[in-house]
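Take a look at the structure below before reading on.

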Amino acid sequence: MFDALSDKLQSALGDLRSRGTLDEEAISRAMREVRLALLEADVNLEIAREFVGHVRERALGQDVRKSLTPGQQVVKIVHDELTALMGSGSSQLAFSPRPPTTILLAGLQGSGKTTAAGKLALLLKKDDKKPALVAADLQRPAAIDQLMQLGEQVGVPVYADERSDPVKAVRDGIERAKADGRDVVILDTAGRLHVDEALMEELAAVRREAKPTNVLLVLDAMTGQEAVNVAKAFQERIDFDGVLMTKLDGDARGGAALSVKHVTGRPIKLASVGEKLDALEWFHPDRMASRILGMGDVLTLIERAEAAVGDDEKEEIERRMMKGEFSFDDFLKSYKMLRRMGPLQGVLKMIPGMGKQLEGLDQVNEKELGRVEAIILSMTPHERRVPHVIDGSRRMRIAAGSGTTVPQVNQLLEARKQMAKMMKMMGSGKMPQIPGAAAGAKPRASATRKSSSKRKKKARR
Amino acid sequence: MSRSWAELLGEDEAAPEPETERAGMFSRLRDSLSKSRRALTEQIQVAAFDPGDDLSWERLEEALLQADVGVPATAELVRRLEARGDIAALPDEIALLFGEPPTLDVKHAPAVILVVGVNGTGKTTTIGKLSAILSARGHSVVVAAADTFRAAAEEQLEIWAQRAGADFVGSERGADPAAVAYDAIEAAQARGRDVVLVDTAGRLHTQTNLMEELAKVRRVIERKLDGAPHETLLVVDATTGQNGVQQARLFKEAVGVTGVALTKLDGSAKGGVAIPIAYELGLPVKLVGVGEQLEDLRPFDAQDYARALVD
């Protein structure tokens, strides 16, 4: 997420970090680089200028000069300013004291409203709400079908009437949701260009009819300089309360995320970070700032881990750990949990200090995870429980069954042994030394590709 | 004079298009691009531009950056204009970065056009419009719904196919997209159709496994029909920022993109990211979408685009 910006900001600030004293020239140099990094990340020009101005002013202030670690202070200032740029304060939605709470989603075509509606319904359902979806996109062919299918996947009712007009569809939908005792109604509207007067008026009419508790602008994270115009236009016409940022799982540069709050005063509330329907998260500006500056994001990591592991599973694992048992069934379970937490690389980046070490660790490891699963699934239940019975001929059978090689099977057997040992030590209260390179976390050949492209970038400048 | 469909498709004997229609692209483009609050000209203050003044060049740089042209292409444009010492050459220099006017290769039996891109750029809509236009120009078209991932993608395309009078080849949701492409080519061969448009699921270019899936679709098409796919179009949303360059780079690496369709130019977005895509990667823009109507999908004309962008 925001990797390009993250790299550039970290390198711009890297020089300052190590310095004992800061002079104006060093700060100016760093700030020029920060400004360029922001511009290259699609941050609005005026916002980039203002941002750099703020940071410079504070960096030259008394507090920094008196500090023993002035470089760190500047990094902290950048962190604060980034956080402020994306919106401090709560990212929660408003819930109406008199249900149903209504949430209107609006945005350009292709920003991801319909998918976001499905994801939001699932997120709220997990939060013990009883959401319903209302199709008010009567424009795009098959948009209703899409919402119906999403509703079915997340187990949430969808109210739609193809022959209706959007205002009536919204009115009827809310009525039906009320009658069915749903407490949150998510309204999916048709995508529209902010310069399309007629469609913007239609949206305003929908808003007047629905009187939504929340209006969210759905915005593609990859939007360029245009993000500012789009946000402003939607702000003027329908006055949204917050932003739902989509497609943040790509290598979006972050310009839209860093610009939209500043021009509208409305914070980012939710972020879509993957294709799967459960990949919608509450947005935390401070955590995002930490991630951009390579400081990790432990809080999100813990939350994801908690979401990925059921309560009984947790107890089961703890019990086994105490006993020092770690069969291949457990091994597989922990691997699956890890995978449920999202793409491996994204997960590891949330660990402070890991960002830099991960250059080179490419998605190849995702494949490796798949291989681990294949090998374990090629074992008999008995072999999984009692791994030491796996002799030479069994290894050959497992390798053939999983489409791998005997050395790969051996590697996995060894990895389990190490993990069992570690578990035993942890169970007995001794903290083990974490081995520098865990199995499977070796840099791959792709490391060269990544670094060479970096070299090219430098050469161009 | 705007580029016509006959020129784009390399038709020599085709009846010339009515003048009004050809003029249409430029005026629509200009209309839509001028909707942005400030035209580039105004921003650069062309009238007061002084080649000897650093501030003038800085304004030019900033204007280009705000149009999503990006740092490397902006630097190149500034360098070229400095060499010429003439700001009036800006549209020319922008048009030059796009290279020679491209063609869209549909002269095969059948010609296969694979359409790819990230989520929500307008692949299905572009295919729908293109199939209608090709049908109207006397081609028989098969559309293949190889987007087997997104809910209701197939239904959306089927509606377009009906409107265009094109044959439709679909499948179950979750089916193998490569198999759908294969079936469509087979159907086109059996029925003697001459263009196959293959719609694929939107995917972020950073998702290695999904990009591999796409490469497989391409390989299956290659094996099914010699020389196919004859075109691989990347659909790019005009509101995209510098990320668009990376999209183009990775899709090109994975499936050998031959051209770009720049969609949603009817907003206030200037679509400036097309410039670095053409300049840094040598990928020509072949089609532009300037509105929701069928006839709003047009051949791309670099001169028109550059003039509309600047004026």
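What follows describes how the parts of this predicted model meet.

This is a predicted model, in which local features need pLDDT of at least 70, side-chain atom pairs count only at pLDDT 80 or more, and totals for chains, interfaces and linings use all residues. Residues are numbered from 1 along each chain as its sequence is written, while chains are lettered from A and ligands numbered from 1 in the order in which they are written.

Chain A is divided into domain 1 (3-86), domain 2 (101-295) and domain 3 (301-450), with bounds from an automatic or database domain assignment. Between domain 1 and domain 2 of chain A, the C-alpha centres are 33 Å apart. Their contact (C-beta atoms, placed from the backbone, within 7 Å) takes 18 residues from domain 1 and 22 residues from domain 2 of chain A.

The largest nonpolar core has 195 residues. Such a core is a set of buried Ala, Val, Leu, Ile, Met, Phe, Trp, Tyr and Cys residues joined through C-beta atoms within 7 Å; buried means that 20 or more other C-beta atoms lie within 10 Å of a residue's own. A:Val134, B:Ala144 and B:Ala181 have the most contacts inside this core. Apart from it lies another core, of 10 residues, among them A:Phe328 and A:Leu412.

Leaving aside neighbours within four places in sequence, A:Val134 is in contact with residues including A:Tyr159, A:Ile174 and A:Asp188.

Across the chains, 36 residues of chain A are in contact with 38 residues of chain B.

Definitions and conventions: Two residues are in contact if their C-beta atoms, placed from the backbone, lie within 7 Å. A residue is buried if 20 or more other C-beta atoms lie within 10 Å of its own, exposed if 12 or fewer, and partly exposed in between; C-beta atoms are placed from the backbone.
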